[in-house]
Amino acid sequence: MKAKILFLSLLSILFACNSTDMNTTFETDLETNAPNQILLLKVDYTTNNFEGGTILGFSKQTDNFTIINEYVEPGDFGSVKLIYKELDQPLFDGTIHWMGLGKMAFPQKLEPANSFEHVKTYDLRYPNGFEIIFNPDKRELDYSKAWQSVQGLVKVREFLAANPTQKAKLFLYTPSVGVGNPKDWYWIIYLKK
């Protein structure tokens, strides 16, 4: 019994250390002053409602912003990790369950949608194109309504003004597959400042 308690204690310490290490790698405060900032926005797949977001701050600046994925196809359980290639830093980590429901593990916390200010005008703003960064099922993706739900955010306008030639990078996270429910799915949109 003591060995079991010791083992469980060690596991919880290791998990706490890993969580702490991951949290200290990034600034996820909306007011971050890091020289290299990535805006992450979450939009519901079926309703196209903006649900929240965060800014990931990095101390090292890069000219390019390439996202690569590490995808583990779900037999029963799978996962997807998105990595900022130039810095070899994670941008997203989430599990995928076959006939179940996975979850986003990183970032651990997003700011709620109501903490993002909207512009007071009705004009539409677009990036210099869109790039789908992950689509394992090769499904046709209509991201235009998802973009429309975030293009009026002050932060989106700031990021577009700071980097006007960028493409918005989009990824459809499907934590439930097989007989998965699209109501569990959501878009992740990335912009670089």
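**Ground rules**

I am working with a predicted model, where local features need pLDDT of at least 70, side-chain atom pairs count only at pLDDT 80 or more, and totals for chains, interfaces and linings use all residues. I number residues from 1 along each chain as its sequence is written, and my side-chain values use heavy atoms, with hydrogens and water left out. My helices (H or I, at least four residues) and strands (E, at least two) are DSSP runs, numbered from the N terminus.

**Entry: Y45**

I checked the exposure of Y45. Y45 is partly exposed, with a relative accessible area of 24%. For this I call a residue buried under 20% relative accessible area, exposed over 50%, and partly exposed in between (1.4 Å probe, protein chains only). Next I looked for contacts, meaning heavy atoms within 4.5 Å. Leaving out residues up to four places away in sequence, Y45 touches L172, P182, W185, Y186 and W187. Y45 and Y186 are 141 residues apart in sequence, yet their C-alpha atoms are 4.4 Å apart in space.

**Entry: the hairpin of β1 and β2**

I stayed in this loop and turned to N48. N48 also has its place between β1 and β2. N48 is buried, at a relative accessible area of 17%. The hairpin has 5 residues between its strands, and N48 takes a positive phi near 60 degrees there. N48 is a residue other than glycine.

I then followed the two strands. β1 and β2 pair in the antiparallel sense over 8 bridges; strands count as paired if DSSP finds at least two bridges between them. The bridge partner of L41 in β2 is G53. G53 also stands opposite E111 in β7. β2 and β7 pair in the antiparallel sense over 2 bridges. I noted the cover on β2 too: 8 of its 9 residues are buried.

**Entry: the open sheet**

In what order do the strands of the open sheet run? I read β7-β2-β1-β11-β9-β8, which is 6 strands with mixed pairing. β7 (111-112) and β8 stand at the edges with a single partner strand each, so one side of each has no neighbour in the sheet. Helix α3 (residues 154-162) packs on the sheet and touches β1, β2 and β11. The direction of α3 makes about 135 degrees with that of β1. I take such axes as lines fitted to C-alpha atoms, for helices over the stretch in contact, with angles from 0 to 180 degrees between N-to-C directions.

β9 and β11 pair in the antiparallel sense over 5 bridges. Here the bridge partner of L172 in β11 is W187.

**Entry: K192**

Is K192 buried or exposed? I found K192 buried, at 6% relative accessibility. K192 lies in strand β11. Q37 is 155 residues from K192 in sequence, but 6.0 Å away in space, C-alpha to C-alpha. Beyond four places in sequence, the residues that K192 touches include N36, Q37, I38, T62, Y84, F159 and Q166. I also found a polar atom of the K192 side chain 3.2 Å from the backbone oxygen of T62.

**Entry: the cores**

I looked for nonpolar cores, that is, sets of buried Ala, Val, Leu, Ile, Met, Phe, Trp, Tyr and Cys residues joined through side-chain atoms within 4.5 Å. The largest has 24 residues, and L82, L91, F92, F171 and Y190 have the most contacts inside it. Among the elements giving two or more residues to this core are β4 (77-84), β5 (89-98), β9 (168-173) and β11 (186-192). I picked out F92. Not counting residues up to four places away in sequence, F92 touches V80, K81, L82, M104, F106, F171, Y173, I188 and Y190. A second, separate core of 21 residues includes F50, F116, F159 and A168.

S79 is in strand β4. S79 is buried, at 16% relative accessible area. Aside from neighbours within four places in sequence, S79 is in contact with E70, Y71, V72, G94, T95 and I96.

D88 sits in the loop between β4 and β5. D88 counts as exposed, at 58% relative accessibility. Phi of D88 is near 55 degrees, a positive value in a residue other than glycine.

Last, I checked P107, in the loop between β6 and β7. A cis peptide bond joins F106 and P107, with omega about -5 degrees.

Notes
Polar contact = N/O pair within 3.5 Å; in protein donor to acceptor, adjacent residues only side chain to side chain.
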